[in-house]
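Please look through the structure shown here before reading on. The paragraphs below it go through parts of it in turn.

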Amino acid sequence: MKSEKILPLKKIKKIIYIPYDKSITHRGLIFSVISKNKSVIINPLKALDTLSTLKILTKLDCKITEKNDYLEIIPPKKIFSLVPLDCGNSGTTARLMIGMLSSLKGSFQLIGDDSLSKRPMKRIIEPILKNGGEIISDDNFLPIIIKGKKIKKIEYDLKIASAQVKSGLILCGLNCKEQSIIRGRIDSRDHTERILSAFNCDLQINSKNIIINPSRPKDIVLKIPGDFSSASFFITLGVLHKNAEIILKNIGLNPSRTGYLNILKKMGADIEINLKDDIEPYGDIKVRSSKLKNVNIPNEIIPNIIDEIPLLSLCGALSQGEFKINDISELRLKESDRIRSITENFKNIGLKVIEKNETLIIKGDQKIKGGIFNSFKDHRIAMLGGICGLLSEEGVEIKDSECVNISFPNFFDIIKQL
Ligand SMILES: O=C(O)C1=C[C@@H](OP(=O)(O)O)[C@@H](O)[C@H](O)C1
Ligand SMILES: C=C(OP(=O)(O)O)C(=O)O
């Protein structure tokens, strides 16, 4: 068990290169499995979660060649696996794989680590079972066995705005016999729709539904930008610190991910962006010390900012006025119960916070004294602790800090070089 003590800094002026995007890397790798031919994934994220996906690809018999900054992936002739496929700590790997493998002929066992084995899989298993798929599980938790087969079609009304479930169902639908349709809460990050559409898959998308015609990706050449959610730790640092200017280079700026920037701007943040268009838009972000005021956070934006809510709560505590965010029950189902992780740690470092079921209420204009921050083995909580340390009066000690390897292995190295 490692721990890191992070002390306050007087001045920060820095250009920072952030690791590549986790969500897009998972997708590039997973889509390569069902592609008609070779895929090239440029700048894949090298971190534990995406390594879990990559290892599954080798177990599925993909031929993977690593070159300088890209991976070449040749899909297997026939997809099967005799060994358990280990999703590690990664919810994205599990839910996308469950969807994809359910409509491919073969038997697959999926396992995960202790944390992932407690995270709900019913949200993806149930729609597949309802549409004629076959999955054996103990109460919808990993480990599971997928008896993959050609399913007629997927027809489902999404009740939770989850990009993982939506993506799993799209992948399942691509290999069905007939046209599939997904309705309801499709308002989550849209990397899957963008990338599959760009590489030959027949998807029709509007604000109400996604129609999936049987098809396969081909000629995938995908360049992964910097991860917006990882960049958000330093965006937060830049705006909250009293004397800072931070430039973040080549960050993914897909509008279904950047709601956090829009809220910060409404709060009065000094943020400049230069946006470049691509399948996945990207660009540089410049942030400077700002005087922030809390604003109303509409419930509809929650899926867009889901991974940034711990950081937004920190902004809430240090900004003028009261901070309130509703409808965040999904946070309880991540690598840790993130509502509990926020409230316990904030209290430990001298911030007052009230948790009411699915709502967080935080008085504004507070100061971080310092103290102990328990990561609960959750990478985003460990990194939140690091940022709190830099903004504190006396420093913050982050326990179980090695979990940053899940998405951002050099996080503490960057912090120490600031
Ligand atoms: O599809 C993805 O890549 C992700 C979707 C989100 O999860 P949900 O789909 O559970 O909301 C997010 O929290 C996670 O970090 C990555
Ligand atoms: C929730 C996350 O990831 P996953 O669901 O893939 O484990 C995350 O990275 O914050």
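Predicted model: local features only at pLDDT ≥ 70, side-chain atom pairs only at ≥ 80, totals over all residues.

Residues are numbered from 1 along each chain as its sequence is written, while chains are lettered from A and ligands numbered from 1 in the order in which they are written.

Around ligand 1 stand Ser23, Gly91, Thr92, Ser162, Ala163, Gln164, Ser167, Ser188, Arg189, Ile306, Asp307 and Glu330; a residue belongs here if its C-beta atom, placed from the backbone, lies within 6 Å of the molecule. By class, 2 of these residues are nonpolar, 7 polar and 3 charged. Here Ala, Val, Leu, Ile, Met, Phe, Trp, Tyr, Cys and Pro count as nonpolar, Asp, Glu, Lys and Arg as charged, and the others, Gly among them, as polar. Helix H3 (91–102) and helix H5 (163–174) each give at least two residues to this shell, and H5 has the largest share, with 3 residues. Helices (H or I, at least four residues) and strands (E, at least two) are DSSP runs, numbered from the N terminus.

The shell around ligand 2 consists of Ser90, Gly91, Thr92, Asp307, Lys334, Glu335, Arg380 and Ser407. It has no nonpolar residues, 4 polar and 4 charged. At least three of its residues come from each of domain 1 (3–19 + 225–416) and domain 2 (22–223), with bounds taken from an automatic or database domain assignment.

Asp307 is listed by UniProt under "active site" in an unreviewed entry; such annotations may be inferred rather than shown by experiment, feature names are shortened, and positions are given in the numbering used here. Aspartate 307 lies in the loop between strand E17 (282–288) and helix H9 (309–318). Why does aspartate 307 count as buried? It has 22 C-beta neighbours inside 10 Å, and buried means 20 or more (exposed is 12 or fewer, partly exposed in between, with C-beta atoms placed from the backbone).

Strand E11 (residues 180–184) runs antiparallel to E13, joined by 4 bridges; strands pair if DSSP finds at least two bridges between them. Isoleucine 181 is opposite isoleucine 211 of E13. A hairpin through 3 residues connects E12 to E13.
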